[in-house]
Amino acid sequence: MVFTNRNTRLSFLLFWYLTSATQLLIGLSGTASFEGFKDATITAFLWLIPVLLFPKYIKSITAGLGAMLWLFALPGFGYFMIYGQELTQSLMFIIFESNQSESAEYFQNYISTGLVLGYLIFTLVPIYIWSKIERSQAIRKKAYLTSLIIFLLIFLTPVSRAIQHNDISAGYKNINHHLSVAPPWQLGFGYVNYQRELKEVESHLLSLNKIPPLNNLKEAKKTLPTTVVLVIGESTTRVHMGLYDYQRDTNPKLSSIKNELTTFNNVFASRPNTIESLQQVLTFADQEHPDLYKTNPSLIAMMKQAGYKVYWITNQQTLTKRNTMLTTFAKQADEQVFLNNARSQNSYSFDEKVLAPYAKKLAIKDEKKLIIVHLLGTHMKYAYRYPASYNYFKDAKGLSPALSANKVKFINEYDNAVRYNDHIVYQLIQGLKNTNKNNQQSLLVYFSDHGEDVYDTKPHDFKGRNEGAPTYPMYAIPFVVWHSLNWESADKLSDPAIRKRQYDNADFIYTWSDLLGLSYDSYRDDESILSKNFVEDTILVGNPYEKTLTVLKNTVRSENNQALATN
Ligand SMILES: [Zn+2]
């Protein structure tokens with residue numbers, strides 16, 4: 001009924017174009033899903049309400065609103081023209097917070113003929129549409145009803161959310177989520193969200209900085225300049241890794257240097273989500289003492305105390321509501337490089353982005369440095385994690401014939417992502433190996449924050465992670481150490497028996513300390529996977545704040561993870 005009138009149709013077209021064209025381009029280019037386009041299109045209806053209610057002023061209303069929307073759409077459209085990506089609050093974070101020279105590129109005047117032409121077309125189309133709109137007379141019969149329907153279409157969900165949760169912020173969150181994709185809200189909400197998340201990061205950081213340093217921190221003497229690298233993977237289960245005997249060749253590169261790697265076979269994440277897991281991995285907290293990260297120094301603080309220059313390079317989203325604690329850890333480092341400004345997880349941001357800044361950090365002459373590289377790894381949606389050239393697994397070869405075509409498709413995407421991740425981790429090792437020629441000693445540790453079940457566990461109908469229904473692949477993570485031949489404490493890794501030890505990666509800080517020769521009063525030798533005093537871990541899973549911890553099943557020591565996962 002909205003579109004029976006020509007003027008209304010044209011007005012809608014005008015508003016739709018100005019609010020949604022950029023989102024449509026983003027969707028078509030494949031850099032992100034069409035979800036933003038859908039939301040933007042819905043917001044376009046809102047601007048019809050004044051047109052319907054005051055048809056006499058249709059020309060000035062559409063001109064005024066059109067000009068306003070055009071103005072607010074310009075930054076997002078221009079950003080897409082230049083970078084082929086969406087303008088988001090994470091990008092604002094990169095612009096305002098990053099102390100990297102890399103961020104300077106965002107400010108560069110980037111005037112090209114293509115851009116000018118793009119802006120010209122972007123501007124002429126709405127002017128042409130507007131010129132076709134004619135002055136109307138009386139209010140049409142159904143104008144009020146239509147306006148009400150549009151209003152409900154946009155505000156019914158948030159209002160009912162607020163009532164349902166008895167919390168106005170639940171409604172706000174919903175509006176924020178859906179409106180922040182379109183002008184004019186994009187910039188406003190983006191800035192407000194950015195400010196809010198930043199405040200949270202700063203308050204976390206303030207309390208972390210108040211934590212007293214470790215008592216009696218000492219480091220075994222190092223005779224050469226030292227570079228250590230910590231590569232944190234994402235959602236990669238070792239069950240799908242060729243390096244761990246997966247039947248598909250998902251790790252050709254790492255397998256080719258297998259004899260240079262110490263590969264641990266029974267390391268488990270304590271929690272199946274990024275923040276919850278890393279909150280324990282990067283600190284002294286664990287499942288039984290989940291809050292220790294608030295009172296004891298983090299791994300980053302410890303390394304700085306030991307005199308290391310700490311760099312943090314991440315291809316993870318930085319300033320989404322969930323990631324503030326992670327960003328706080330990042331900000332504890334001396335320097336950060338934030339590379340992912342996507343609003344949605346379902347966006348392309350290939351991990352190869354980390355390689356250039358990584359090479360730059362490696363080249364800096366520090367006596368002692370730590371580079372933390374946080375990858376996007378094999379996070380869903382898997383198809384967004386690898387470039388087209390890594391589309392290697394295309395059929396059901398190597399998979400159970402009982403799997404449906406749809407499941408095979410997802411498994412192929414996941415395995416392709418694992419194969420691409422193999423390439424990235426290999427490149428990180430090679431980069432370190434090459435700088436090592438300059439009379440250095442170096443060490444690299446790679447693990448994943450947690451695993452992922454990709455229809456692995458019988459009856460093969462679940463994909464993802466669920467803390468309430470834990471399975472082996474969700475927690476079974478790769479844990480790999482590479483070190484230069486001159487690494488001084490290399491003998492700690494020499495006994496092959498240590499590779500079979502069952503280990504909870506929440507205790508990682510102790511293994512890391514042991515590898516580097518760090519000791520302090522609160523150091524516990526029995527928590528290091530390398531130590532002769534090591535005491536095997538029971539893998540406790542579940543939410544520690546709900547006091548429902550259970551022992552993960554099927555963690556019997558075995559070299560063949562695949563057999564376990566399908567049991
Ligand atoms: Zn994760």
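The buried residues of helix 8 are covered by elements that include helix 2, helix 7 (143-165) and helix 9 (185-209). Helices here are DSSP runs of H or I with at least four residues, and strands are E runs of at least two, numbered from the N terminus. The buried residues in helix 8 are A170, G171, N174, N176 and L179. Buried means under 20% relative accessible area with a 1.4 Å probe, protein chains only. Helix 8 spans residues 168-179 and reaches 16 Å from its first C-alpha to its last, close to the 16 Å expected at 1.5 Å a residue.

This is a predicted model, in which local features need pLDDT of at least 70 and side-chain atom pairs count only at pLDDT 80 or more, while totals for chains, interfaces and linings use all residues. Residues are numbered from 1 along each chain, and side-chain values use heavy atoms, without hydrogens or water.

Now turn to helix 2. The axes of helix 1 (residues 6-29) and helix 2 (residues 35-46) come within 8 Å and cross at roughly 160°. Axes are lines fitted to C-alpha atoms over the stretch in contact, with angles from 0 to 180 degrees between N-to-C directions. The two helices are therefore roughly antiparallel (over 145 degrees). From helix 1, F12, F15, W16, T19, S20, Q23 and L24 meet G36, F37, A40, T41, T43, A44 and F45 of helix 2. Contact means heavy atoms within 4.5 Å.

Finally, L403 sits in the loop between strand 6 (368-374) and helix 15 (405-435). L403 counts as buried because its relative accessibility is 16%. Beyond neighbours within four places in sequence, L403 contacts V408, I411, Y455 and H460.

Terms used
Angles under 35 degrees count as roughly parallel, over 145 as roughly antiparallel, 65 to 115 as roughly perpendicular and the rest as oblique. The expected span of a helix is 1.5 Å times one less than its number of residues. Buried means under 20% relative accessible area, exposed over 50%, partly exposed in between (1.4 Å probe, protein chains only).
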